[in-house]
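Thanks for coming. I will go through one model today, starting with charges and ending with backbone angles. Please have the viewer open.

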Amino acid sequence: MEKQVVEVNETQKLKTEQAQSFDTYNAVKKRKRSIKLKIILAFLVICSLGALYGYYMYNKPVGSVSEINPDYKLDAKTLQALYEGNEKLSDQKYLGKVIEVSGNILSVETDAKGNINVLLETDNPVSAVSCSIDSKSGNEAAQLMQGQKVILKGYCSGYLSDVVMVRCVVVK
């Protein structure tokens with residue numbers, strides 16, 4: 001009888017150990033699942049924040065060039081001659097900078113979308129300084145006429161047979 005009691009106690013002990021190991025297994029499994037869910041949730045939060053930041057930066061209003069002091073003040077003939085003489089050096093100096101450029105208007109063009117582009121005369125008959133007017137100052141630019149002396153301010157964006165300036169505003 002004592003032997004049976006010992007066997008029953010050992011059997012109960014074995015069942016208890018198995019139940020405890022099963023409970024431990026379930027606890028580890030739940031912990032792993034919880035960690036995975038936390039990682040996925042953190043990833044989704046980070047992606048959402050990145051998307052919101054990207055959306056904000058994409059739709060962020062751009063300040064007007066009229067409020068910025070120019071980095072350089074040149075006339076159209078000089079600017080075009082500098083680019084024609086050494087494009088690489090001129091890009092290093094002027095690319096992405098705000099330049100106030102003066103000169104005589106060669107032509108004023110308006111495209112199908114209503115964007116205004118002013119070409120300034122240079123000493124080269126096949127090259128000019130092309131100034132794409134900022135939409136905020138389109139009213140002032142619409143009054144410009146060929147042959148008129150003008151001062152424009154904008155960002156230099158390089159040289160493609162013409163010196164290209166973007167987001168320009170009429171200074172005078």
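There is one salt bridge in the structure, where a salt bridge is a side-chain nitrogen of Lys or Arg within 4 Å of a carboxyl oxygen of Asp or Glu. In general, side chains of opposite charge can pair when their charged atoms come close. The partners here are K77 and D123, with 3.8 Å from N to O. K77 sits in helix 2, residues 76–85, and D123 in the loop between strand 3 (116–120) and strand 4 (129–133), so the pair ties together parts 46 residues apart in sequence. K77 is partly exposed at 37% relative accessible area, while D123 is exposed at 61%. The terms work as follows: buried is under 20% relative accessible area, exposed is over 50%, and partly exposed is in between, with a 1.4 Å probe and protein chains only.

Before going further, the terms of the model. This is a predicted model, in which local features need pLDDT of at least 70 and side-chain atom pairs count only at pLDDT 80 or more, while totals for chains, interfaces and linings use all residues. Residues are numbered from 1 along each chain as its sequence is written, and side-chain values use heavy atoms, with hydrogens and water left out.

Now the overall layout. The protein chain has four helices and six strands, in the order α-β-α-α-β-β-β-α-β-β along the sequence. Helices (H or I, at least four residues) and strands (E, at least two) are DSSP runs numbered from the N terminus. Of the 172 residues in the protein chain, 28% are buried. The chain exposes about 12300 Å², and carbon and sulfur atoms supply 58% of that area. Accessible areas come from the Shrake-Rupley method with a 1.4 Å probe, and for residues only the protein chains shown count as cover. Taking contacts between residues at least 6 apart in sequence, 62% join residues at least 24 apart. Contact means heavy atoms within 4.5 Å.

Next, the surface of helix 1. Which residues form the positive patch? They are K29, K30, K32, R33 and K36, and R33 lies in helix 1, residues 2–59. There is also a nonpolar surface patch, made of L41, V45, L49 and L52, with about 410 Å² of accessible area together. L41 is in helix 1 as well, and L41 counts as exposed at 54% relative accessible area. For patches, residues need over 30% relative accessible area and no salt bridge; like charges are joined within 9 Å, and nonpolar side chains (Val, Leu, Ile, Met, Phe, Trp, Tyr) within 5 Å. Lys and Arg count as positive and Asp and Glu as negative, with His and the chain ends not counted. The place of a charge is NZ of Lys, CZ of Arg, CG of Asp or CD of Glu.

N69 is exposed, with a relative accessible area of 66%. N69 and E100 are 31 residues apart in sequence, with their C-alpha atoms 8.9 Å apart.

Back to the loop that holds D123. V126 lies in the loop between strand 3 and strand 4. Is V126 buried or exposed? V126 is exposed, at 70% relative accessible area. Leaving aside neighbours within four places in sequence, V126 is in contact with S161 and D162. V126 and S161 are 35 residues apart in sequence and 7.9 Å apart from C-alpha to C-alpha.

V129, in strand 4, is buried, with a relative accessible area of 0%. Not counting residues up to four places away in sequence, V129 touches a list of residues including A76, L79 and Q80, along with V118, V163 and M165. V129 and S102 are 27 residues apart in sequence and 9.9 Å apart, C-alpha to C-alpha.

Last, the backbone. Most residues other than glycine have a negative phi. S161 has a positive phi, near 65°. S161 lies in the loop between strand 5 (149–159) and strand 6 (163–170) and is partly exposed at 47% relative accessibility. R167 is not a glycine either, and its phi is positive at about 55°. R167 is in strand 6 and is partly exposed, with a relative accessible area of 28%.

That is the tour.
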